[in-house]
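Please look through the structure below with the sequence at hand.

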Amino acid sequence: MSKRVIKKVAVLGSGVMGSRIACHFAGTGLQVLLLDIAPASLNAAEEAKGLKLESPAVKNRIVNEALANAIKSNPSPVFHKDVVKNIKTGNFSDNMKDIAGCDWVIEVVVERLDVKQSIFSEVEKYRTKGTLVTSNTSGIPIHLMAEGRSEDFKKHFCGTHFFNPPRYLRLLEIIPTPETDPAVVDFLMHYGDLYLGKTTVLCKDTPAFIANRVGVYGIMAIFGLVERMGLTIDEVDALTGPVIGRPKSATFRTADVVGIDTLVKVANGVADNCKDDEQRAIFAIPGWLEKVVQNNWLGDKTGQGFFKKVKSAGGEKEILTLNLQTLEYAPRVKLKFATLEAARPIEDLATRLKALCAGQDKAGEFYRQFHFGLFSYVSHRIPEISDELYRIDDAMKAGFGWEIGAFESWDVLGVAKTTEAMKKAGLSPAAWVDEFLAAGNSSFYKVENGKRLYYDVQTKSYKAIPGGEAFIVMRNFEDRTVWKNSACRTYHLGDDVLGLEWYTKMGSIGGEVLEGIQHSIQLAEQQYKGLVVANEGANFSAGANVGMIFMLAIEQEYDELDMAIRLFQNTMMRARYSSIPVVTAPHGLALGGACELSLHSDKVCAAAETYIGLVELGVGLIPGGGGTKEFTLRAASEMHEDEPETITLKNRFFSIATAKVATSAMEAFDMGILRKGHDSISMNQGRRIADAKKSVLEIFESGYTQPLQRSDVKVLGRSALGALYAGINGMKTANYATDHDALVARKLAWVMCGGDLSEPTLVTEQYLLDLEREAFLSLCGEKKTLERIQGVLKTGKPIRN
């Protein structure tokens, strides 16, 4: 079979999902044709202009407005504003013929079988033979949509269910029919993973597929516990959010975001179409939920649902919670459970989960009942919705934002112990679980030689998760730990490459992490080919440990503070000027010191969803770990003879002065944090560490030699300093900057211009580092700086612009 290449995609339907799927495809570099229906009538503005229904502006009004609304939405559906140029719009009447030039046609119209079949009838007329055709349906049986179509159409047709918002939720369910060519399934599984950045999960053509089937069961089961245990909305959302590794939206807030009517529709669909589901009664809609839907309180889409935003008597925004007994809204109540309060300080999710389920109060009972029901349910879904248990866990983590899957949670709590407790509670698992335990097995997953294995129910043996070699998980190499301290571990990732990760709160970088970086580089120089720096947390790092800086500054321990800053600078320079390649693989937040580490690495393999920047000015400091120096160095390297020398310096200066953060790895290239033609992007976050390891080996094999520190960095002195000072004073005069902001910005300008030099001068990197450190230290003594740092410490949130 010839190699399939995707260059152009047609997206049929421009609603909330269709427009955002089009944006995601465009963001990966594909050409996209976005089509929708033409309006049936003119609007007032069109009538005033004298337009007709045949006018192109009218015929494309629906699709153009939908795309415009998507682009303006927050969070943004695109990695970079320029990718919108890759999207061409049109309508079904005039442009369906244009799908002949597309390699993949995806249908995203209204969830009605007759409408979808009508669309596919038109697609059949114009598609080129061999073109992929898929549906984004969330629940309509895939095989029914293909009825009446040609053999070639059926062979290349299946379901591709994206989750909203497509850019951010990583799940892509692939649902073939019996007629789908296996090669097409394999292609979509691989393409979705590698090029779209998705966790692709193979599903059976069963109602609600995998994620919605289990996810909606979980929500409906909680609704049942609400009635049996007399729980309130505020209690449930306090119990079912981040504390158990679920999103902040927890249960009821999630329902409001998704749409309560959508939730009810899926629940009814399962109840109606899954007659043999042993928990079918769970999907029955409780009376209070029916009343909520009847009242049209459907969540965010109608302005109120389980929660309602109002303005208080003082004009401030307030969120009210629905009382499920009276169906009246009242102010939210912050509740305390002894089990919850005791478990919150526990950083490790697995350890925290054990503590929560062992609780002896109402919260502990809730956790036991909920998990017992969940474990029983997922065990019975094999082989109904999936033959492999890991697919269920993958779907829930990627589609519903769970940090830990159902079978993974069962492992954490102890399969044998929990199964016994489940049976006593009347929630027995499927028979295969008893066979699994009787055979002497104790966990559904295990790690051997750095590879994660899962228990395969059909063969009653452990198998490696397919494609696992492309997904390096650091902690799978714990048995290959080379060195560790209380904050870090250094692993041997194979092929003579070391991997360093740390697991501090928010990935903060303090003394022990700096020690880990230094020692890992030393080890790699002695007997390995290179080092990968990454971690498995929700974020790479929110930056330096500002708590340590605050303590030293408030106690006026300036000698110790000076030593701490020197250590940070020296560590960054060690990463840059070692005898082995150092490659970082950031994801999520990579702020402040984490950005500085990336700037000093030999290469950065960033996840597409990397939010990176030098944010220190947000707390009244300048980047003090080499970030100011590095931006100055890069500005000097970017200066061109055909433009004023101050242009690139100004751009770099304002990037730091405004604490700008890239909203994607693509944007980080524009900001000059990532280097075009040098650093790279991993669309699939799970691949970034393997990509980084591959880069280490490529750099090493190309004959890597230790670079020399620069002694020819051109700084502009007074000529640029005056221009930057004038800009700062203008910002202050216009009230865009406070006195303290202006002070910090002047310190930054001083460093980036090389001080008060009478003429442009070539200086060393160490010269700039010394200026940077002096400015940083002087700002640590400022009252306003300490107040800002204290504010960050109180909120526990990372520094952002």
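**Backbone, helix and cores**

M506 is partly exposed, its relative accessible area being 32%. In this predicted model, M506 sits in the loop between β17 (497–502) and α22 (511–527). Its phi is positive, about 60°, although M506 is not a glycine. Most residues other than glycine have a negative phi, and most peptide bonds are trans. Q556 also has a positive phi, of about 55°, without being a glycine. Q556 belongs to the loop between α23 (546–554) and α24 (558–576), and it counts as exposed because its relative accessibility is 57%, over the 50% cut-off.

The bond from N74 to P75 is cis, with omega near 5°; P75 lies in the loop between α4 (61–72) and β3 (87–91). The bond from I382 to P383 is cis as well, with omega near 10°, and P383 is in the loop between α17 (362–380) and α18 (389–400).

Next comes helix α30 (residues 718–733). Its 16 residues should span 22 Å at 1.5 Å a residue, and the end C-alpha atoms are 22 Å apart, which agrees. A720, L721, L724 and I728 of α30 are buried. These residues cover an arc of only 100° around the axis, so they lie on the same side of α30. Among the elements covering them are α27 (646–657) and α31 (739–752). The face turned away from the buried side carries the exposed residues S719 and T733. Just after α30, N735 takes a positive phi of about 65°.

Finally, the largest nonpolar core has 115 residues, with F306 and W432 making the most contacts inside it. Helix α10 (residues 211–229) contributes the largest share of this core, 12 residues. A second, separate core of 78 residues includes A575, V582, A662 and A668.

Notes:
Residues are numbered from 1 along each chain as its sequence is written. This is a predicted model: local features need pLDDT of at least 70, side-chain atom pairs count only at pLDDT 80 or more; totals for chains, interfaces and linings use all residues. Side-chain values use heavy atoms; hydrogens and water are left out. A nonpolar core is a set of buried Ala, Val, Leu, Ile, Met, Phe, Trp, Tyr and Cys residues joined through side-chain atoms within 4.5 Å. Buried means under 20% relative accessible area, exposed over 50%, partly exposed in between (1.4 Å probe, protein chains only). Helices (H or I, at least four residues) and strands (E, at least two) are DSSP runs, numbered from the N terminus. The expected span of a helix is 1.5 Å times one less than its number of residues. The arc is that of the directions from the helix axis to the C-beta atoms. Contact means heavy atoms within 4.5 Å.
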